[in-house]
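Q: Please pick one part of this structure and take a close look at it. Then show me how the rest connects to that part.

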2 protein chains.
Amino acid sequence: MRQPPGTFTISHASGAARRGVLHTAHGALDTPAFMPVGTQATVKSLGPDDIAATGAQIILGNTYHLRLRPGDELIARRGGLHTFMAWDRPILTDSGGFQVFSLSGLRKLTPDGVEFASHIDGSRHFFSPESVIAIQRNLGSDVMMVLDECPPYGADAAYTEKSLELTTAWAKRSRLAYPKDAGDQLVFGIVQGGFFPELRARSAHEICSIDFDGIAVGGLSVGESTEKMYDILTGVAPLLPQGKPHYLMGVGKPQDIVTAIGLGVDMFDCVLPTRNARNGTLFTWNGQCNIKKSENKEDDAPIDPNCPCYACTTFSRAYLRHLYMAKELLAYRLNTLHNLTFYQQLMSRARTAIEQNRYAAFAAAVLPALRREEGE
Amino acid sequence: MRQPPGTFTISHASGAARRGVLHTAHGALDTPAFMPVGTQATVKSLGPDDIAATGAQIILGNTYHLRLRPGDELIARRGGLHTFMAWDRPILTDSGGFQVFSLSGLRKLTPDGVEFASHIDGSRHFFSPESVIAIQRNLGSDVMMVLDECPPYGADAAYTEKSLELTTAWAKRSRLAYPKDAGDQLVFGIVQGGFFPELRARSAHEICSIDFDGIAVGGLSVGESTEKMYDILTGVAPLLPQGKPHYLMGVGKPQDIVTAIGLGVDMFDCVLPTRNARNGTLFTWNGQCNIKKSENKEDDAPIDPNCPCYACTTFSRAYLRHLYMAKELLAYRLNTLHNLTFYQQLMSRARTAIEQNRYAAFAAAVLPALRREEGE
């Protein structure tokens with residue numbers, strides 16, 4: 001049933017894991033949800049028909065990239081990002097903050113915002129909390145993310161505390177720039193605080209005290225060990241408001257997603273399934289498959305006999321290896337279809353396990369194989 | 001109705017243009033037919049579902065490429081090329097002769113065959129009339145082409161005559177290597193003779209006296225002017241047996257196909273629609289569209305409002321330009337879908353015009369726009 005955008009209902013819980021539905025202006029999405037990354041108004045190598053076929057209900061667009069090319073105003077004149085890329089389901093856009101830090105050559109941070117150089121042509125640009133909201137309004141995404149500062153891995157407590165304060169100040173300005181009744185777009189705040197539990201707690205307190213539609217945990221998966229990520233997430237997850245969706249940004253490996261769902265996370269995004277696909281690394285329920293390996297040369301079996309994707313129902317590993325070795329464009333599409341379908345199947349199984357209140361058993365059953373990386 | 005492979009029925013004629021059906025072991029194809037080029041067991045960027053959606057009933061595979069990678073014996077162990085690439089409709093494979101001349105660094109021609117170096121790793125290989133039939137038997141194509149020698153553009157009469165004699169000798173050996181009752185695969189001979197009308201006539205006489213299932217005209221579209229190509233084709237086409245399919249190899253531009261159909265050609269193949277697609281050049285009924293041009297930047301119209309392809313029914317020129325400028329993989333698939341759909345629509349309209357006995361009027365009506373190249 002259609003609900004007002006921002007409505008988040010939790011139907012089941014299993015331990016800390018939650019089974020919910022988030023309503024947006026472009027329809028509802030089941031949580032826990034994985035969002036394929038569609039950086040430049042396309043999930044690399046896939047059309048919207050393909051994306052839907054993987055089972056994805058929501059995708060992520062990158063504000064930084066779309067601002068620079070083709071430009072958010074051009075997209076607004078096309079009717080917004082949904083119309084432009086012909087995807088009529090929910091879209092979340094990030095704030096561009098992370099890309100400014102990771103892709104831009106130059107970066108000048110002031111209390112007002114951040115100046116940066118385009119990775120495409122070196123031209124100078126400026127992001128403020130207000131301007132990234134304005135850009136995301138032009139894009140017309142269903143969920144907008146606030147501008148934050150993501151401290152580099154290894155930042156000390158003093159830097160991280162100052163950064164956290166800036167992120168909180170920007171979060172307040174972002175909400176003011178788009179109040180609750182401004183329209184149908186949702187706004188999520190972002191908890192930072194680096195790898196200092198007390199700073200994470202402070203950031204969670206400050207961000208959660210602002211009336212956002214959802215809360216994200218940022219600044220993880222930036223180079224730390226898996227244990228450190230789990231430690232921080234274990235500490236911060238219980239501090240997030242129960243009635244709002246929790247989004248762990250940029251995570252991650254299948255095993256990390258399974259673990260984070262168990263800690264109460266509802267939404268994920270990561271380039272891993274799409275990037276790995278283009279590198280020939282395919283996910284299966286028996287660990288990863290490197291399609292390049294000569295053992296696949298004459299293998300008539302599909303990547304995964306139980307996978308419903310077009311690649312698995314149509315082609316052998318032998319054919320997929322041939323396409324990959326011959327650098328054929330079709331390889332990228334088929335591998336991407338498979339990896340994203342695997343991720344969506346993982347989310348679907350996780351949701352079912354929560355509905356049946358057996359999430360811990362599900363996680364224990366699947367984690368060993370998921371942790372089995374290529375060559376192990 | 002299912003007919004024995006090789007059955008070729010002509011239902012209509014309009015001037016010299018013919019409307020026919022060629023039956024193969026993997027079903028029938030309507031002629032005049034255009035065969036998309038699937039060099040490495042894939043039509044670049046498309047899956048077999050996409051190829052079928054363009055309206056193609058037959059594709060072409062390259063014996064030279066498949067022999068080198070992944071190998072015809074590997075493909076035979078997979079059940080043949082149809083099974084390997086999941087395309088269950090007709091496939092024609094060339095003999096590899098043209099690729100040996102155009103791609104291989106080294107080439108040593110003897111009466112027995114041709115020695116060449118792989119363009120992939122420089123390894124030495126040898127093609128004889130018998131071995132390329134054996135390779136195409138491994139591939140299991142519906143139509144096999146005989147090994148021929150394609151004289152370089154500008155070759156003199158003495159060279160061309162010697163080459164023609166070799167091609168005839170090889171054609172005889174090819175038919176002996178796969179007699180009429182050997183199986184369900186068809187064998188087409190190839191007329192050579194360069195740009196000397198009397199040598200073309202001699203080659204046509206010699207090749208047509210061998211009991212092939214179809215006759216191809218080779219050695220055109222090798223660098224000559226369009227007028228020269230039409231001259232040669234105009235002379236040779238009437239010499240081909242009326243009851244067999246006529247295949248003009250490697251041609252061509254839409255206007256050349258329309259003209260050649262009017263001279264009695266039934267089958268075509270060319271990399272132009274697929275290669276142009278990857279270069280951002282799109283075919284329309286109003287001439288070519290260079291998607292890169294800034295005039296497409298904010299154009300909300302499709303490439304062609306009447307085109308039934310996924311790209312035209314789903315996306316604007318503005319989006320397709322963005323994908324192309326951002327070098328997104330989806331650009332290649334969408335552009336290829338469009339160009340191949342355009343070619344198949346062209347063939348479909350040509351077939352209808354022949355059925356209605358108004359082919360000359362059809363050609364006169366479409367040629368001016370088709371000849372309007374980009375920028376004119």
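A: Start with the buried residues of helix H13 of chain B: B:Arg317, B:Ala318, B:Tyr319, B:Leu320, B:Arg321, B:His322, B:Leu323 and B:Tyr324. A residue is buried if 20 or more other C-beta atoms, placed from the backbone, lie within 10 Å of its own; it is exposed with 12 or fewer, and partly exposed in between. H13(B) spans residues 317-325, and eight of its nine residues are buried, so the rest of the structure largely encloses this helix. Helices (H or I, at least four residues) and strands (E, at least two) are DSSP runs, numbered from the N terminus.

All of this comes from a predicted model, in which local features need pLDDT of at least 70 and side-chain atom pairs count only at pLDDT 80 or more, while totals for chains, interfaces and linings use all residues. Residues are numbered from 1 along each chain as its sequence is written, and chains are lettered from A and ligands numbered from 1 in the order in which they are written.

What packs around the helix? The buried residues of H13(B) pack against helix H12 (310-314) and helix H14 (329-355) of chain B, and also against helix H4 (81-85) of chain A. Two residues are in contact if their C-beta atoms, placed from the backbone, lie within 7 Å. Just past the end of H13(B) sits B:Lys327, with a positive phi of about 55 degrees.

The contact takes 32 residues from chain B and 32 residues from chain A. On the side of chain B that touches chain A, the elements giving two or more residues are helix H3 (72-77), helix H4 (81-85), H12, H13 and H14 of chain B. H13(B) gives the largest share of that side, five residues. By class, that side has 17 nonpolar, seven polar and eight charged residues. Here Ala, Val, Leu, Ile, Met, Phe, Trp, Tyr, Cys and Pro count as nonpolar, Asp, Glu, Lys and Arg as charged, and the others, Gly among them, as polar.

Which surface does each copy use? 100% of the interface residues of chain B are also interface residues in chain A, so the copies meet through the same surface. The symmetry comes next. Chain B superposes on chain A by a rotation of 180 degrees with 0.0 Å of shift along its axis (RMSD 0.0 Å). That is the relation of a two-fold axis. In chain B, the C-alpha nearest the axis belongs to B:Leu329, 3.7 Å from it. Copies are superposed by least squares on the C-alpha atoms of residues with pLDDT of at least 70 in both.

Now compare another piece of helix packing, in chain A. Helix H7 (residues 157-177) and helix H8 (residues 197-208) of chain A pack at an angle of about 10 degrees, with their axes 10 Å apart. Axes are lines fitted to C-alpha atoms, for helices over the stretch in contact, and angles run from 0 to 180 degrees between N-to-C directions. H7(A) and H8(A) are therefore roughly parallel to each other. Angles under 35 degrees count as roughly parallel, over 145 as roughly antiparallel, 65 to 115 as roughly perpendicular and the rest as oblique. Residues making this contact include A:Leu164 of H7(A) and A:Leu199 of H8(A). The contact divides into five nonpolar, four polar and three charged residues.

Strands can be covered too. Seven of the eight residues of strand S2 (residues 17-24) of chain A are buried. Six bridges join strand S1 (residues 8-14) of chain A to S2(A), and the two run antiparallel. Two strands pair if DSSP finds at least two bridges between them. S1(A) and S2(A) form a hairpin with two residues between them, and A:Gly15 in the turn has a positive phi of about 65 degrees. Next, S2(A) is joined by five bridges to strand S3 (residues 27-31) of chain A, again antiparallel. A hairpin of two residues links S2(A) to S3(A).

Back in chain B, an open sheet of three strands has the order S7-S8-S9, with antiparallel pairing. Its edge strands are S7 (107-110) and S9 (124-127) of chain B, each pairing on one side only. The twist averages 15 degrees from one strand to the next. Four bridges join S7(B) to strand S8 (residues 113-117) of chain B, and B:Gly113 in S8(B) is the bridge partner of B:Thr110.
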